[in-house]
Amino acid sequence: MATVRLMQFLTALVAALLASCLQASAAAVAGTAPFRIHTLFSVECQDYFDWQTVGLVHSFRKARQPGPITRLLSCTEEEKKKYRGFDLAPTFEVPSMSRHPKTGDWYPAINKPAGVVHWLKHSKDAQNVDWVVILDADMIIRGPILPWELGAERGRPVAAYYGYLVGCDNILAKLHTKHPELCDKVGGLLAMHIDDLRALAPMWLSKTEEVRGDKEHWPTKYTGDIYGTGWISEMYGYSFGAAEVGLRHKINDNLMIYPGYVPREGVEPILMHYGLPFSVGNWSFSKLEHHEDSVVYDCGRLFPEPPYPRQVNEMENDPNKKRALFLSIECMNTLNEGLWLHHTARGCPKPKWSKYLSFLKGQTFSELTQPKRVTPQSLRMMNDVHKQDSDEPEKTFPKIHTVFSTECSSYFDWQTIGLVHSFYQSGQPGGITRLLSCTDEDLKHYKGHDLAPTHYVPSMSRHPLTGDWYPAINKPAAIVHWLNHVKIDAEYIVILDADMIMKGPITPWEFHAAKGRPVSAPYEYLIGCDNVLATIHTRHPEACNKVGGVIIMHITDLRRLALLWLHKTEEVRADMAHWSTNFTGDVYESGWISEMYGYSFGAAELKLKHLINDEIMIYPGYVPTPGVNYRVYHYGLEFSVGDWIFDKAKWRNFDVVNKCWAMFPSPPHSSSLDQSNKEFLSRDLLSIDCVNTMNEALRQYYSQKKCPDPNSFLPTPTRMTSRDPPRLDSPGDETTIEVTASKKLEKVNQTDAENESRGISTPEETNQTFSSMRFWIVGLWALSIVGFVGAMAMMILRRRGMRKRGKTYKSKRRNSNPGFWDRNNPED
């Protein structure tokens, strides 16, 4: 009996084990998985994405991909009213960010990271999953994508290789991630643990916004984007975000293939990405040609049929090239099969018989498109991909600090706001410091202490020994003071002038600055480097470089140079015998550019030879060289666009910063420019960009200052417009030639109301308006009080039964218009 029971037990055990094995086998065939897995893809409310959705979801089911699939659908409320495709796939609706809510930038690709962030925060599915596969809509799945089978681990996602993301190898990565060495050129197929996705998603979105805003680095040489439009910012957002959170990818170039590409021998791709045009014989397909195609909603209509397998066999003898052709027709046939099944499911009339439809229903096509399994060759990862295309050695990058010199005047205050605003917009590494030269008397009245990070230095505008009035000497004097009084941990210093707008980072590694080899922009008019002036003021005239404006210098060199720069400036300034134009190039022969020569002669004394780069800086009004990404606009010269003119010298005596919502006259809109001459067009666009950036800086400053809402007083912000100022004839009044445009302050005590230009309403007009308003307010109060007292008196008299008595109060109507409250009044 015991033996019989033992035999029964063993039989039952074997049966249970066999059932378990069969169940596991069936589970494998059915596509179930030992881990919870979820597939995501992002689309918008457009016909273009609808037919892609039908193709992807059909292939998802056909490939037996485990777990659910979710379409992240980004639509505006207006788009939802007209949208027809809510039932095309399991859908999770997310807010549209195609038009950025803050910047207004139109960039639909940002919906992908934004949608993932929203799904993680608000979807219950995101709380019940281990692994996530993220795809694009324009893909066809050929077999199960199992992260654990592909080699993904927590902290080590698997991704496809996007070799064209060259920004991982150049300055783009250095600007947008603290860990450029971790940047991986990946995309397309992403398979990662949910914990990694939670860490990455917000950074993916943030970095996408950051790269998209970096227009200076959209060109092909930085991004690899052949159109240079910033369209692949989202891809860099992913790579830089992953680098920021320390995610290193296992990179695979075999799992995904573009139809038309030849697969490697022994490799079985499990994903096709039809993002590029492809062809088979005379037949071709490009997704962009079907951007407005409503094929999903047109019963019985499919995309043009590709050649049949028999025809493909006859086209090519090379086995691998033939495989490529078969992949191409498989992609299109799977897409068309999905459309046919979708039409059937929607209750479309049964289509007429056709050879192509018969093929899609037939055994041959079914066998050709059975789910594929990855091969050992397909699973082979790429090693050190992030370095293989880069010739740059791995290294840490030096710290940088930017400085500029100003004085305690309203003239420099608006320049400071423009420069500091553009500094933060440019992505310049390191900090910025304003070297503010002021007398004790200046500081008592100065209001602009909070305009920038500031180091205060004694003013040398009036030389303490000679009594010479020369404010330009404050620049080298301030550098000396800063170096001697501040602990500086930066290795390189970038020196700018206040009248500059930064349009991109200025870094020593990009412009090849080194210790003993500073970099600067050319100042060709400094002819004193070529004549007797140099032989008088330096022992090494052959080392004199005609440079200025922008300086990138190692801190060690600057410490050696600074005092010489100051002393040589004093020396050249005192050499009045050689102020004439033929020695200096100064057409006013005033010695005003002595500080520039002080720098060049001081550097020559140390034999500091500069790398002179004419692609760092440009003057608005000059024609830019095509393809050059200038990092600085130096608005030291007068420039114009049509009848509109800007000259910084005309704004010397305006307290722009302390007049809420006062901005410079708007330049013409770019749409009004003559498009026929490309050189003049690029020149004018640059000029417009310069002033628009300054106005944007002022607008942001007023907002931070909490100026009253301009719309609450006047329909538009006050623009500085008034009579043209008188002509400035003396060199002390900062003329519009390049020589004087680089200097910052001449004789401050020569302020004159006649120099007001294109300006805010005059103080007299403002006070009259304010007085008129105040008069009317007081008058109305008085009338109201008198009326109230009179009414109360009449009521009291009635109650006592007394005879009506009272005074008639006649309304006094005034004909004068009280006007508006001038928001630029100091009393506002």
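Predicted model: local features only at pLDDT ≥ 70, side-chain atom pairs only at ≥ 80, totals over all residues.

Trainee: What span should helix α23 have, at 1.5 Å a residue?
Mentor: Its 27 residues, 678–704, should span 39 Å, taking 1.5 Å times one less than the number of residues. The end C-alpha atoms are 38 Å apart, which agrees. Helices here are DSSP runs of H or I, at least four residues.

Trainee: And what's at the start of α23?
Mentor: There, a side-chain oxygen of N677 comes to within 3.1 Å of the backbone nitrogen of E679. After α23 comes K706, with a positive phi near 60 degrees.

Trainee: Which residues have the most contacts inside the largest nonpolar core?
Mentor: W414, L496, I506, F646 and Y702, in a core of 83 residues. α23 gives the most to this core, with ten residues. Such a core joins buried Ala, Val, Leu, Ile, Met, Phe, Trp, Tyr and Cys residues through side-chain atoms within 4.5 Å; buried means under 20% relative accessible area (1.4 Å probe, protein chains only).

Trainee: New topic: is N333 buried or exposed?
Mentor: N333 is buried, because its relative accessible area is 2%. N333 lies in helix α11, residues 319–345. Beyond its neighbours within four places in sequence, N333 is in contact (heavy atoms within 4.5 Å) with P306, Y356, F359, L360 and F365.

Notes:
Residues numbered from 1 in each chain as written. Heavy atoms only, no water. Helix = DSSP H or I, 4+ residues; strand = E, 2+ residues; numbered from the N terminus. Polar contact = N/O pair within 3.5 Å; in protein donor to acceptor, adjacent residues only side chain to side chain. Buried < 20%, exposed > 50% of the residue type's maximum accessible area, 1.4 Å probe, protein only.
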